[in-house]
Amino acid sequence: MKLSIRFVLSLMFIGVFAAAHVQASETDATRERMQPWPEETLRSAELIPVQEGGRVKPLGTLASFLLLRLNGKRSVETEWGERLTPTAWLLDCFFYPDQASDYRMVQVIDYRVLESIGLERRGSKRSDRYSLRQLQPGFERLRELGQTFSQRDSKVRNALETQVVNLSRVLPELLLVTSYLNFARVRHGVEGVPELEVLFPDDTEVSNVQILEKFEELRANLGNGTIQASPGLLEAFGEISRSMDYSHYISLLPPTDPAEEEYLSPSDVMGRTMQLGVRDAEQLETLRSFEKLFDQRDDLAALGAGIQELQGELAARADARGEFKKVEEEVAFYQRDWFFRSLLAFIAAFLASVAGFLMPRSKLVYGTAWGLALLGEGLLVAGIVIRCLLRDRPPVTTPYEAILFIVSVAVLICLFVEYTRRNTLALGFAALTGTLGMFLSLWNETMEGVDTMQPLVAVLDSNFWLSIHVTSITLGYCAGVLAALVAHLYIFGKLFGFKRGNKKYYADLSRMIYGVLCFGLLFSVVGTILGGVWANDSWGRFWGWDPKENGALMLCLGYLVIMHGRMGGYLREHGVAVGAVGVGLIVMWAFWGVNLIGVGLHSYGFTETKRMATQVYYATEGGVVLLGILAWYVDRMRSGRALPG
Amino acid sequence: MSTNKNKSGGPPSVFGRIMDTASSFGTTCIILIFLMVLTFRGTYAQEELGLVAAQQKYFDSLFWMVEVLSLRIPMPGAFLLLVLLAINLICGGILRIRRTGATLGILITHFGMLFLLAAGLVSYRYSDRGFVQFYPGEIEDTYTSFHLAEIVLSEPIGDGAVREHLISDDGFSSMRPGDQATVADAELPFELIIDRYYPNCRPQRDAEGELRLDGRPFEDMASGNISGMIVTLQVSGQEAQHGVLWTGERHPWTVDVNGEPWTIGLRRRVYDLPWAVRLEKFTKEEHPGVSMPRVFASDVTRLQGDVEQGFHIAMNEPMRYEGYMLSQNNWGPQHRPDGRLWSMLEVSRNPSDQWPKYACYVIAVGLFLHMLRKLRLHVKRQTKARTA
């Protein structure tokens, strides 16, 4: 709902304000900020508390995800080679909007999107980055197309149309941040405006906030609306109203009333003053600070000092409400970059494991692989634990967190198996699972481009059920993925004759697959039933054949078919391996696939960006199942055994 | 799951063969695979049919039909498959399984599974669900079914009082176009013939001003469905009277039965609560700055004679009392979120309400025991292999 409101507003903004930027597009880009932002300024700015998506977070987090949505990565390269962090980029948008409008940082994945809005691509690349100013002539067309395509069912939209819709959603956000401080840059001449001359006899020009501070007097002087305002004053009011249209984007003013929960944007404060007659001196004083900051933009040191001072003030206000501690902790969490470091450790562990295969007798290599895998797991678990503490939530509340949790448990299982078997194989799997899983989590975060610590809807707001149901079912998914992964090695090994004749090697792999499947069965069955018990408390029924419930049921059935097929002698080593790949397919269907059906009560976590990836996965893994059957056939032929029947 | 052998060494008896088949792993696998296919098909069918219709077709049924080259082939529905699974579990997983320490965990798990299936059967057969919708200060002592309907025949008994005859939808809810159903009872001085039943429709007047019903697909959200029917009233010695009924109609159809004014109406089935509930307060909160629900809660008082007992009902925190469960379901009117709001509580009466939870404990213990045993054996084997 929120998204759609934002989207509609965004489309309106493209249309209404494209005209305002036409003039800017006709001027040459200039470099307004000649020195890099001081480190301490960036640190302070990052710590400014803002409220977005229902929670208080650091400005740095907001900048980071906004940049991810626009640029597909968390940095911006300027024409002169400066590499900007998200916060540095956002400060440029605020204080040097002309310069920021020239940053080529809007990712256009397919040049045909540009053609569809009447623009030409730069060079011959299919995917490239463009500046706000370069895209500006196509705004109107983009708005129209975005509106048209977004009304179509997302399932029938083609990739190009989806990209147009996505661009029409993110571009207005860039427009809004580059115009966010418009309210602070505008000055009104006093001379010739009689109402202002009376109120500001000593000034030649006044700011928006100065006018708002004396708004009650101004209104009284105008007989509370009975006297016609002068054209100059009407123009000033128009200017204030226009700047309000941009400055609603970020709510960074903690409310002065402790009973209020919603942070205010500059637009809110101006609106309350003008429309409701509520004059909040403290908030207006803060807006005045923004105006002073804007006046200091030619002196970066002074501007930096001003930003630090403003951050101190806002932080103190948030702290008084008990909302700043988490902001500091979140900044520290993102600065430590636990998950990226974990990925690096897993990559190194994987390389060491490969070396271990080549040098099976080297204890040093084996020990190094162990150490690196443990380091990767340690960093991952530490990151997950800190996230839990930050959110006061169990580890699995969003699909992104589920990936992290699945990876950490899968690696842990592999390490346990390695500890008991000591054959390097499971260690290699630990490193490989960690590497692939952490890549997947990064990909997921980039594709979604939204805050991964969003608050939960009422029905999910139960730490008890999240802890026991979601955690168990995720463990069940995790085991399915891991078993499928090991099964790949079995199938491809057989197909390509790797370690041909080494029965123990394949028996080991098969036992590993079976053990992991047993683990998965326990958690899937318990997790699925617990989900029903939770549904009974939430929705008044244990089982409703909802797609998500059916996904979990399918996984349990998949596990049970393999278990009983193996016990009944219908599936042997090879059959279990092929079945495990099938279980991997079911996990994907249960985890993401059912969300794409578009029906049911579990409508959270729906995502279009994953549709294509899911389909590719189905096709690939379906192919692996077929290859598995082929490998079985080849194996039978090689060993000279007759085929059944 | 061993094979049955005749004690005299001859071929197994018919009973033995049946037991062999019923208890075999092969049967288990076939049932489970059928269940998988059915679950998959039924899930995607929801996109096309909606949740309720797909559930009825695939999951509440004994059979469903699949068309192959204009041939209608019956396929087992979930109800049948689950019954077969229960039989397979009893025969193979409990009666025939070797009962040793090694299979203790599996045995416990199978008992848990059976208990779970029993819970499902009891719920399917004996539970009902509905809702109460009220504003703060209002009292309700009945609840209305989400999907089920009933015909209300009101017989005048003098002094403006009426006696209600209720006809449940068991006899007409599955009617197909072209089918007819007749309501006849010794207590009724007439026959009511249902010419057509619409699970969801919209009443419309045609160009001649005649009322007709436009059929629509059944919707999952109960509030979106209006059930309707075209009926003929046949009183002996009188001319047939034709009428149109639909749920939500303000004034029931009044008919002349031997000079007495009977009324006939169609409504969602209404159940009595053994006590009344008064809504004291409804709370709706959203996360700051976004329209994302944070809290929905109703403070209610249970009223029974002189007894007044307060309950707080919120998402994930239902009220349970005497086999009834009241949970927070909805609120409204949604277009006026800041005005006076009503709260909708879902009411479910389910004798097996808590059984799945207990089954889950049993299954978890069984699987955990079995896993632990297997793990111990595995570690022992590995240690032995390393030290050898």
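Against which helices of chain A do the buried residues of α19(A) pack? In this predicted model, the buried residues of α19(A) pack against α18 (325–336), α20 (363–391), α21 (399–421) and α22 (425–448) of chain A.

Those buried residues of α19(A) include Trp338(A), Phe339(A), Leu343(A), Phe346(A) and Gly356(A). Helix α19 of chain A covers residues 338–358, and its 21 residues should span 30 Å because each residue accounts for 1.5 Å. The C-alpha atoms at its ends are 30 Å apart, in agreement with that expectation.

Two packed helices are described by the angle between their axes and the distance between the axes. Helices α3 (residues 59–71) and α4 (residues 86–95) of chain A pack at an angle of about 90°, and their axes lie 8 Å apart. The angle therefore makes α3(A) roughly perpendicular to α4(A). The residues of this contact divide into 10 nonpolar, three polar and no charged. The table lists the residues that meet.

| Helix | Residues in the contact |
|---|---|
| α3(A) | Leu59(A), Gly60(A), Leu62(A), Ala63(A), Ser64(A), Leu66(A), Leu67(A), Leu70(A) |
| α4(A) | Pro86(A), Thr87(A), Trp89(A), Leu90(A), Phe94(A) |

In chain B, four strands form an open sheet with antiparallel pairing, in the order β6-β7-β10-β11. Strands β6 (181–184) and β11 (241–246) of chain B are the edges, each pairing on one side only. From one strand to the next, the twist averages 30°. Within the sheet, seven bridges join β7 (residues 191–198) to β10 (residues 228–234) of chain B, and these two strands run antiparallel. Arg196(B) has Ile230(B) in β10(B) as its bridge partner.

Key: Residues are numbered from 1 along each chain as its sequence is written. Chains are lettered from A and ligands numbered from 1 in the order in which they are written. This is a predicted model: local features need pLDDT of at least 70, side-chain atom pairs count only at pLDDT 80 or more; totals for chains, interfaces and linings use all residues. Side-chain values use heavy atoms; hydrogens and water are left out. The expected span of a helix is 1.5 Å times one less than its number of residues. Buried means under 20% relative accessible area, exposed over 50%, partly exposed in between (1.4 Å probe, protein chains only). Contact means heavy atoms within 4.5 Å. Axes are lines fitted to C-alpha atoms, for helices over the stretch in contact, and angles run from 0 to 180 degrees between N-to-C directions. Angles under 35 degrees count as roughly parallel, over 145 as roughly antiparallel, 65 to 115 as roughly perpendicular and the rest as oblique. Ala, Val, Leu, Ile, Met, Phe, Trp, Tyr, Cys and Pro count as nonpolar, Asp, Glu, Lys and Arg as charged, and the others, Gly among them, as polar. Two strands pair if DSSP finds at least two bridges between them.
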